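This report describes the fold of one chain, its overall dimensions and its contact with a partner chain. Please consult the sequence and the structure shown below alongside the text.

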Amino acid sequence: MGLLSATQTITRYRVEGSFSENPTEQVRKGLKKQIITDIDNEAQDMAVGWTSFEAPFTPDFDDASFQIGTHYAFGLRIDKKSIPTKVVKQQVAIASAKRLAESDREFLSKNEKSEIKEHVINVLTIRIPPVPNVFDVVWQYEEQEVWLFSTQKAANEEFETLFNKSFSGLKLIRLFPYTQADLTLSLSDSDRDRLSNLSPEDFTE
Amino acid sequence: MLDIAVLYNKYKFLGQEFLTWLWYSLENEPKSLLDAEGVPVLMAVGNRIVLEVIREESTVESVTIKGDNADLSEGIVAIRKGALVTEISLEYKKGDLGWTFTLKGENFNITALKTPETPPVESKDETEGAVIDKLFLASEVVNLVGTLFRNFVRLRISETWSKKTVPAMKRWLTA
């Protein structure tokens, strides 16, 4: 659920490190480097990239719209083409029958069958449009924190990979209880030692 | 720091103990839960609690209690048998404003977060203001959870935990 939705879903990340100069330009550069590419009419079945917060289907990072106050708001877009199995099966059957008729044979070899299947999937992938999924991202640069508005495992994994590819030199760390305690609570060294030596409490009778 | 995945699994209990302690505190000593300014937090358990216990290596037993005014005693029995709270829905109030959200113990994911209502965005010019408003309202919950968790961690690594908190929690569980 996105930032402006009625209900929201948030995964938090800590960003370790910072840009030496002009963070807005560095962020723009990173976003442009991994901007989502159109895979309509392509044999590619998936694309992952950054997109604009306000215009997720016409991304543009040349204007200043991704900067909101001291934050950067943009989107993670995952475009995926899913071909229904039954359609693949149908098209493979049609193509196989055609091949048999043309070659005047009763059977196709294993290689021919897989070659036909591969060809069918390729043709269908080019023909069908991808289904886009957009997840809002807000980078609170001064707070060294990024929020991804999703808790879907696949979206989180794609986000982490893409962020690391886009902004080399920065380290993205997911904030779960231990990392939150270790990185954001300003614990002393001795408290940090006590924390790392904790073991589960026993509340049983 | 150890590998992130190792840390995630090794200290999974930390967030679950936090939620269990939070439930105990809300039921028994709500005024002890303080926000960053030291003001008691107006918070209540919402309509869903999930508890889990790992019996053997990969066998997880789970108890879900849901519904408004649900009887939570089954959850207390589950904790007595070794379970911890893994997910809890919460209601939070500050002044006239109210938030509801669900917090997951193992990763602190916040889901189903409903902030106080903001005006609908009717034109592009209003987007920036709406983003700032929504972020501010969502931050209230994120910061509050951060403060409560900080207080929990300080307690958890102190002697008070084993000397006072655990015995008090056990009394609550067996009352």
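Read along the sequence, chain A of this predicted model follows the order β-α-β-β-β-α-α-β-β-α-β-α-α.

The domain assignment of chain A gives two entries. Domain 1 is made of two segments, 11–81 and 130–187, and domain 2 covers 85–127. Between the C-alpha centres of domain 1 and domain 2 of chain A lies a distance of 41 Å.

The overall dimensions of chain A can be set beside this division. Chain A has a radius of gyration of 24 Å, whereas a compact globule of 205 residues would have one near 17 Å. Along the principal axes, the C-alpha trace of chain A spans about 80 × 60 × 35 Å. Of the 205 residues in chain A, 29% are buried. Among the contacts in chain A between residues at least 6 apart in sequence, 68% join residues at least 24 apart.

The remaining topic is the interface between the two chains. In total, 36 residues of chain A are in contact with 44 residues of chain B. The elements of chain A listed below each supply at least two residues of the side that touches chain B.

| Element of chain A | Residues |
|---|---|
| Strand 1 | 8–16 |
| Strand 4 | 71–80 |
| Strand 7 | 171–174 |
| Helix 5 | 177–184 |
| Helix 6 | 189–196 |

Helix 5 of chain A provides the largest share of the side of chain A that touches chain B, with six residues. By residue class, the side of chain A that touches chain B divides into 18 nonpolar, eleven polar and seven charged residues.

Strand pairing also crosses between the chains. Strand 1 of chain A and strand 5 of chain B, residues 110–114, run antiparallel and are joined by two bridges. Within this pairing, Ile10(A) has Ile110(B), in strand 5 of chain B, as its bridge partner.

How values were computed:
Residues numbered from 1 in each chain as written. Chains lettered and ligands numbered in written order. Predicted model: local features only at pLDDT ≥ 70, side-chain atom pairs only at ≥ 80, totals over all residues. Contact = placed C-beta atoms within 7 Å. Helix = DSSP H or I, 4+ residues; strand = E, 2+ residues; numbered from the N terminus. Nonpolar A, V, L, I, M, F, W, Y, C, P; charged D, E, K, R; others polar. Pairing = 2+ DSSP bridges. Rg over C-alpha atoms; globule rule 2.2 N^0.38 Å. Buried ≥ 20, exposed ≤ 12 C-beta atoms within 10 Å, placed from the backbone. Domains from an automatic or database assignment.
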